[in-house]
Amino acid sequence: MFSLIKKDLLTLSKSKNELIELLLTPLLLLSILGFALGGLMNNTEVELETAEFGVINHQNLQDSLDRFESDLREAGMPEETVQGLLSAAAAMDPAEQLNRMFESEEIREMINIQPYESINEAEAAATDDEIGGFIEIPESFSYSVWKSLFLEEETTAELEVTVQDPSQIRAVVLDTILSSFIEEYNLQASVAIATEGEAQIAAADNQDYGEIQRFSTEEPINSFQYYTIGMGVFYALSVAGSVALRAYKEKEQHVFARIMLSNQSPMAYLFSKMVSGTLITYLQLLILFVLSTVFFGTFSGKGLDFWMNTLLITFLYSLVVGSVTSLLTSLSLRSSSDATVGFFSSFIAVLAFLGGSFTPVETFSELIKEVGNWTPNGAALSSYLQIMMGFDLAEIAPLLVRMIGMSLVMLISAVLLFPKRRLN
Amino acid sequence: MLEVQNLEKVFKKKAAVDHINLYIEKGESVGLLGPNGAGKSTTISMISTLLHPTNGRVQFYGKDVFEDARDIRSKMGVVPQEIALYEELSALENLQFFGKIHGLRGQILKEKIQETLGLVGLKDRQKDPVKDYSGGMKRRVNLAVALLHDPELLIMDEPTVGIDPQSRNYILEMIRKLNKEKQLTVLYTSHYMEEVEKLCDRVYIMDHGQVVASGTNEELRSILSNEETIEVKVKQTSEAFKEKLLEHPSVNQVIAAEGSYTLIVTNSEQLLVQLFEYAEESSMSILGIQIKKPTLEDVFLHLTGRTLRD
């Protein structure tokens, strides 16, 4: 089988057209898209000015705690429970945590918050364009949050946000950060309640911000990173078509028959195509990542963890492409035309679109995003992006398992479909 | 060495090979002669274990080839009609690949490659990509691959299609030499009568999936021992002329081609005088007449009513 794989690599290395298609075309496309769409994708090379916002805090923590304590006692709770809940409420004051988040270094690079005494003062500053808008913390904000969290009453807590123009980039940034804060606060509070307060310290610890909503604290993914991966997983699919087309030509030119006459088993031939597809894809993606980093600094400065995880995802995705290769090989050898490979080559563009290689598909709909994650390239793209956003390997495990599953299904189908009786 | 019994292959209810029988002794050179579509390639595919027959069996040294395919495959070299090579690779790289998958390694592989390249006369061009070779050179590499692992039986499916006469002679001479000097057993299919006549000890003539005649060249020609072939060159053909010829008692068959007629006759002397009369009556001009001893082509014509290149 080693000779069969070596021959596949040797014949590919002698085909300039295929090398151009597999390596130069994606590199060229990622360069064009990386430069052209840099501004649209939060490219870190596009420097964003720090946005100025105001905050008006109408509430007093002690007054809110007193009011909450009075409610607890009216509800006839035992003294021990009242004290426990008051202590938890003080530790999880949402207004205080919001304030701490805005003071954190990462957020201050994006947003600077100025305190204002009254709405009039903040409105005047907004009119003079000193600030892009302001956040109003109502008098009963923390109180309402606590009642919702601890007494399971319907929440009436609302942060009031006023911005000059909601479509402005700084307004979008503020909106994203606040959404991230609310989601994280809810999660941390739920964890704290579920663990009966044991997680309260962690919830109050500023260091924990951003661990759940990584995109708010990690470097945003720039267009070169996105399109290096997008074009990489897209063009990797064409490896399957390319290797399977060679298998079809081998059959047409009776080379396949000649290989069979040398007492190679049909399954060894099929697996050689799978391994060739896997190896070529692996090399293609690694070369693309390295070239993109050399030319555009795409993954410069990334740590060992990132590279190890990237190598693992690349291997699993290459395995999927290898399995697609074997399935296409079986189908091509069964049929009397190369239509199967031709159809797949046309279908790659659809897979690339659904998988998000051209543009992030979540901007269209959740459904397309979900469908995209069930395509091999979409699952791989999501895995790469999440690793870049700082997720752990364990968190992307479902996507990795999905890739392994796809690979197995296609490989088993390839074995079942491989023509075993007619070898010429 | 090889025996084929009642071999049949049916594709979509049509018999491509229709219950044929043949045998080959060790060291023999046997030809399968027939026009395109006669079933020669299908027969070869079954003999070489690439295609399972619908009925019948193929035995190699008494063993069914499909029960022990590995055995016959290791002792057989097959030269397909197509150039079954990687054209982007050089002859050397092709031979290295095919040698390795046949289990040859190291120094033995190197020596076998150089020996085979010498045999086909391509030592000097061994590092050039096959795609840069002439048709004849590609055919020689195609043959070299089949010889690399020292087969006992060489099966060749029209190995000289589409090449120049010089390359064709080179290949035929080489095969004859291997057959005579190294006792290589050869099964050679072709629709070129002269190749089979030159190369083969015995011939099976196939048409429409059946063996219509078999024997040595002499035995086959004796089918037409009482007959002669007359080739009449004319300016233009005429249906009336053909009809008159067919009415003559000495004429057994008339095949019209562009600018000529081929007649199979039992008594040429009787016919010759009248031939000119028929031409005059049909307002035709005869450009030339040639009386020949029957060839295998004529035998085929006699047996099937059509030429090998129909």
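Why is strand 3 (residues 133-137) of chain A largely enclosed by the rest of the structure? In this predicted model, 4 of the 5 residues of the strand are buried, so the rest of the structure largely encloses it. A residue counts as buried when 20 or more other C-beta atoms lie within 10 Å of its own.

Strand 3 of chain A has partners in two senses. With strand 1 (residues 51-57) of chain A, the pairing is parallel and runs over 4 bridges. Here A:Val55 stands opposite A:Ile135 of strand 3. With strand 4 (residues 160-163) of chain A, the pairing is antiparallel, again over 4 bridges.

The wider setting is chain A itself. Chain A holds 18 helices and 4 strands. Of its 424 residues, 40% are buried. Among contacts in chain A with a separation of 6 or more, 79% join residues 24 or more positions apart.

Chain B contains an open sheet of 4 strands. Their order is 2-1-4-5, and the pairing is antiparallel. Strand 2 (14-24) and strand 5 (63-64) of chain B stand at the edges. Each has a single partner strand, so one side of each lacks a neighbour in the sheet. Within the sheet, strand 1 (residues 2-11) and strand 4 (residues 55-60) of chain B pair in the antiparallel sense over 5 bridges. B:Gln5 stands opposite B:Arg57, which belongs to strand 4 of chain B.

Helix 10 (residues 268-281) of chain B was examined next. After helix 10 of chain B comes B:Ser283, with a positive phi near 55°.

The two chains also touch. How many residues of chain B are in contact with chain A? There are 24, and they meet 21 residues of chain A. Two elements of chain B give two or more residues to this side: helix 2 (69-74) and helix 3 (91-101). Helix 3 of chain B gives the most, with 5 residues. By type, the residues on this side of chain B divide into 13 nonpolar, 5 polar and 6 charged.

For the complex, the predictor gives an ipTM of 0.76 and a pTM of 0.66. Chain B averages a pLDDT of 86, and 98% of the residues score at least 70. Where in chain B is confidence lowest, and where is it highest? The lowest mean, 76, falls in helix 11 (residues 296-304) of chain B. The highest, 93, falls in helix 3 of chain B. Helix 3 of chain B is also the element that gives the most to the side touching chain A. Where pLDDT is low, predicted coordinates should not be read in detail.

Note on methods. Residues numbered from 1 in each chain as written. Chains lettered and ligands numbered in written order. Predicted model: local features only at pLDDT ≥ 70, side-chain atom pairs only at ≥ 80, totals over all residues. Contact = placed C-beta atoms within 7 Å. Nonpolar A, V, L, I, M, F, W, Y, C, P; charged D, E, K, R; others polar. pLDDT = per-residue confidence, 0-100. Pairing = 2+ DSSP bridges. Buried ≥ 20, exposed ≤ 12 C-beta atoms within 10 Å, placed from the backbone.
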